[in-house]
Amino acid sequence: MSSASGLANHSLYMARLLLSAWSEQLSLKRIDSNILEAAFGPAVRLHLLNAYGWFLLAVVRLTPLPEQPPHSTLDLPKLGLGIAEPSEIAEYRELERHGWLAVLQAVPERGVERPLPPGRLASTVGRPQADDYLSSCRELEALISRMSSGLDEC
């Protein structure tokens, strides 16, 4: 059985792999950046949200683990009778309302332009790009690193 922390790290690793491939493809300039965003963006976002969700489950020490992680503190399962919610959850709720987590959790707009320029399948106007996801990845890694050391001490 996998631990929630292990699953969070695995999801982060998958996001980093995709971000690296995305960056490499952008540097080659063979494929339009909008097409690359459409290919990589949703998968990177999902891996980052999963990493965050597994991390949340590690913080609340939930067992057994669900098949899929929550993507928000609002989706955390109710804790058992007499089990107090960890104080860190309030910090995460604030980040979900006004911080980098709010940006990551926001459902990207489709942003399709009409009419589309010749050869373009879709537009990413207003949608997160590789640098935005890379920034979210770094923030999440820092959060997990900072809080994991505290979890390990318990």
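Apart from neighbours within four places in sequence, Ser-11 is in contact with His-47, Asn-50, Ala-51 and Trp-54, where contact means heavy atoms within 4.5 Å. Ser-11 lies in helix H1. Its relative accessibility is 7%, so Ser-11 counts as buried. Here buried stands for under 20% relative accessible area, exposed for over 50%, and partly exposed for what lies in between, with a 1.4 Å probe and protein chains only.

## Before reading on

This is a predicted model, in which local features need pLDDT of at least 70 and side-chain atom pairs count only at pLDDT 80 or more, while totals for chains, interfaces and linings use all residues. Residues are numbered from 1 along each chain as its sequence is written, and side-chain values use heavy atoms, with hydrogens and water left out.

## The overall fold

How many helices and strands does the protein chain have? There are five helices and zero strands, and from the N terminus on the elements run α-α-α-α-α. Helices (H or I, at least four residues) and strands (E, at least two) are DSSP runs, numbered from the N terminus.

The protein chain has 154 residues, and 38% of them are buried. Take the contacts between residues at least 6 apart in sequence: 62% of these join residues at least 24 apart. The chain exposes about 9,200 Å², with carbon and sulfur atoms supplying 55% of that area. Accessible areas come from the Shrake-Rupley method with a 1.4 Å probe, and for residues only the protein chains shown count as cover.

## The nonpolar core

A nonpolar core is a set of buried Ala, Val, Leu, Ile, Met, Phe, Trp, Tyr and Cys residues joined through side-chain atoms within 4.5 Å. The largest one here holds 35 residues, and those touching the most other members are Trp-22, Leu-48, Phe-55, Tyr-92, Leu-140 and Leu-143. At least two residues of this core come from each of helix H1 (4–28), helix H2 (33–59), helix H3 (88–98), H4 and H5. H2 gives the largest share, 13 residues.

Beyond its neighbours within four places in sequence, Leu-140 is in contact with Leu-12, Leu-48, Ala-51, Tyr-52 and Trp-100.

Which residues of H3 are buried? They are Ile-89, Tyr-92, Leu-95 and Glu-96. Looking down the axis of H3, these buried residues fall within an arc of 115°, so they line one face of the helix. The arc is that of the directions from the helix axis to the C-beta atoms. On the other side of H3, Arg-97 and His-98 are exposed.

Gln-105 belongs to helix H4 (residues 100–105). With a relative accessible area of 19%, Gln-105 is buried. Setting aside neighbours within four places in sequence, Gln-105 is in contact with Arg-45, Leu-49, Tyr-52, His-71, Ser-72 and Glu-96.

Met-147 sits in helix H5 (residues 130–153). Its relative accessible area is 11%, so Met-147 is buried as well. Not counting residues up to four places away in sequence, Met-147 touches Phe-55, Glu-88, Glu-91 and Tyr-92. Met-147 and Glu-88 are 59 residues apart along the chain, and their C-alpha atoms are separated by 8.5 Å.

## Details in the loops

Lys-29 is found in the loop between H1 and H2. Lys-29 is not a glycine, although its phi is positive at about 55°. With 71% relative accessibility, Lys-29 counts as exposed.

The loop between H2 and H3 holds Arg-61 and also Pro-64. Phi of Arg-61 is near 55°, a positive value in a residue other than glycine. Arg-61 is partly exposed, with a relative accessible area of 48%. The peptide bond from Thr-63 to Pro-64 is cis, with omega near -10°.

## How confident is the model?

The predictor's confidence in each residue, from 0 to 100, is called pLDDT. The protein chain averages a pLDDT of 87, and 84% of the residues score at least 70. Among the elements, H1 has the highest mean pLDDT (97) and H5 the lowest (85). Over residues 111–116 the pLDDT is below 50, and this stretch has 10 contacts in the model beyond near neighbours in sequence. Where pLDDT is low, the predicted coordinates should not be read in detail.
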